[in-house]
Amino acid sequence: MTNDTIGVDVSKDYLDVHCLGDGRAARFRNDATGFRAFAAWLPKDALARIVYEATGPYHAALELRFASRYPLVKVNPLQARRFAQSRGSRVKTDAVDAKMLAQMGAAFDLEPSAPMSQNMRDLKEMQVARTALITDRTRLLNRLKTQTVAINKRHSTARLTQIARQIHDLDGEIRACIAAEQTTARAHQILCSIPGIGAITAAAVLIEMPEIGTMDRKQVASLAGLAPMIRQSGQWNGKAFIQGGRKHLRDALYMPALVAMRFNPDLKAKYQALRNAGKPAKVAITALMRKLIELANTLVKADRLGQPKGA
């Protein structure tokens, strides 16, 4: 058997697996004991890929256990469902999903993902916690504006103080993790050299896009969800729009784009040219976000600091 593909449907308690080569199927527990049994069940030779969906916290243990040993491919759940529908499948069970994932991996010849280092996993977990704290802070600030009862206002203020301290602590740990590895420390330094990108945004870019510096400009824009999608049919031309990609990365780039619009001479000129051409402000800002991530990718790939041109 050559180039065998395994599909894995991950749930909270179980892994439903399917081997495309010989049609074998099985179910294992989503824990250390199940992982050992799954590893023993896998083909011994010519394993091309293990395909599974991103399922929030439930796939993390699978990645951690197998990333350095087997070729893992993580796919978008919506894309996997669309693939199943394109094959006329209306049935949705864990076993059927595992088989479809295996078929999808083989049909598209999906390439295994590069394993994520433990340091990068820690950074991602801390970034998720930081994002949750920012959301909590925003909600509390909005609630505080309408609160009139003294005890409620005291509780909200105390919680805001606690959140500020926790964000400060997380920022310190994130900086330490980035500095712990030479490659991430250098990439962070390069990102911070781009006018408009500060230390926090640079850290967010590194965490949300660890592949930065390894792609071309079209790939990086597509991965960020900043590549316009053209809609055209016959003589009809619809408006292009952005969709998909990594939302948290786009969120991190929005404020830097606003800063660059005012203080980065190159991007300020680009923004003004787009506005003069009749483009809406949001479209022009999105274009600046794309320019920022493309510039960041180019500089990290070239291992050089940003050198902004004169106005």
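How many salt bridges does the count come to by the rule used here? I was working from a predicted model, and I got 15 salt bridges.

**Entry: Asp94 and Arg27.** I looked up Asp94 and found a salt bridge with Arg27, where the closest N and O atoms are 3.4 Å apart. I placed Asp94 in helix 4 (residues 94–107) and Arg27 in strand 3 (residues 25–29), so this pair ties together parts that are 67 residues apart in sequence. Asp94 has a relative accessible area of 30%, which makes it partly exposed. Arg27 is also partly exposed, at 45% relative accessibility. I noted that Arg27 and Asp94 belong to a network of salt bridges that links them with Asp16.

**Entry: Arg246 and Glu211.** I found a salt bridge between Arg246 and Glu211, with 2.8 Å between the closest N and O atoms. This pair links distant parts of the chain, 35 residues apart. I located Arg246 in the loop between strand 7 (236–237) and helix 10 (247–263), and Glu211 in the loop between helix 8 (199–208) and helix 9 (217–224). The relative accessible area of Arg246 is 24%, and I logged this residue as partly exposed. Glu211 is partly exposed too, with a value of 27%.

**Entry: Glu294 and Arg290.** Where do Glu294 and Arg290 lie? I found both in helix 12 (residues 281–302), 4 residues apart, which is about one turn of the helix. Are Glu294 and Arg290 buried or exposed? I recorded both as buried, the cut-off being under 20% relative accessible area.

Definitions and conventions
Residues numbered from 1 in each chain as written. Predicted model: local features only at pLDDT ≥ 70, side-chain atom pairs only at ≥ 80, totals over all residues. Heavy atoms only, no water. Salt bridge = Lys/Arg side-chain N within 4 Å of Asp/Glu carboxyl O. Helix = DSSP H or I, 4+ residues; strand = E, 2+ residues; numbered from the N terminus. Buried < 20%, exposed > 50% of the residue type's maximum accessible area, 1.4 Å probe, protein only.
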